[in-house]
Amino acid sequence: MDPITVARLDALAATQYGLVTRAQLLELGVPPRTITNWLRAGGIVAVVPGTYRVAGAPGGHRQDLMAACLSCGGMASHRAGVALLGAPAVRAPRPEITVT
């Protein structure tokens, strides 16, 4: 994988709590076989179908919420949206996601 693609992948994952989707990887030019190899080698870890955590990225509530949003194409809303924006001590009892 060329260094520019890896840098773009890292930059994207950094904006999504260490997560990327299969569609995003393909859009970056990562071949399907490479995605499979990364999964097998542990370079990325499946969080939910089609959504992956980059190895070494810390987990947590915000990452779980982002994974839910990425997996369905939705957006965090209400208290969940505020939590993703980084507001302290705001935690929705369950994810609040709006899908259009």
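Tutor: A strand, in the sense used here, is a DSSP run of E with at least two residues, numbered from the N terminus, and with that in hand we can turn to this predicted model, where Thr-51 has its place in strand E3.

Student: Why is Thr-51 called buried?

Tutor: The word buried is kept for residues under 20% relative accessible area, and Thr-51 has a relative accessible area of 1%, so it is called buried.

Student: Which residues is Thr-51 in contact with, leaving aside its neighbours within four places in sequence?

Tutor: Contact asks for heavy atoms within 4.5 Å, and the residues that meet this for Thr-51 are Leu-19, Val-20, Thr-21, Val-45, Ala-46, Ala-67, Leu-70 and Ser-71. One of these, Thr-21, also stands opposite Thr-51 in E3.

Student: What makes E1 and E3 a pair of strands?

Tutor: Two strands pair if DSSP finds at least two bridges between them, and E1 and E3 have 3 bridges, in the antiparallel sense, so they count as paired. By the same test strand E2, residues 44–48, pairs with E3 over 4 bridges, again in the antiparallel sense, and there Val-45 stands opposite Arg-53 in E3. The hairpin of E2 and E3 has 2 residues between the strands, and in it Gly-50 takes a positive phi near 80 degrees.

Student: How do you know that the span of helix H1 is close to what is expected?

Tutor: Helix H1, residues 3–14, has 12 residues and reaches 16 Å from its first C-alpha to its last, which is to be set against the 16 Å expected at 1.5 Å a residue.

Student: Which residues of H1 are buried, and what makes them line one face of the helix?

Tutor: The buried residues of H1 are Thr-5, Leu-9 and Ala-13. Seen down the axis of H1, they fall within an arc of 70 degrees, so they line one face of the helix. These buried residues pack against strand E1, helix H2, helix H3 and strand E3, whereas Pro-3, Ile-4 and Ala-14, on the other side of H1, are exposed.

Student: What caps the N-terminal end of H1?

Tutor: The cap is Asp-2, with a side-chain oxygen that lies 3.1 Å from the backbone nitrogen of Ile-4; a polar contact needs such a pair of atoms within 3.5 Å.

Key. Residues are numbered from 1 along each chain as its sequence is written. Side-chain values use heavy atoms; hydrogens and water are left out. The expected span of a helix is 1.5 Å times one less than its number of residues. Buried means under 20% relative accessible area, exposed over 50%, partly exposed in between (1.4 Å probe, protein chains only). The arc is that of the directions from the helix axis to the C-beta atoms. A polar contact is a pair of N or O atoms within 3.5 Å; within protein, one must be able to donate a hydrogen and the other to accept it, and residues adjacent in sequence count only if both atoms are side-chain atoms.
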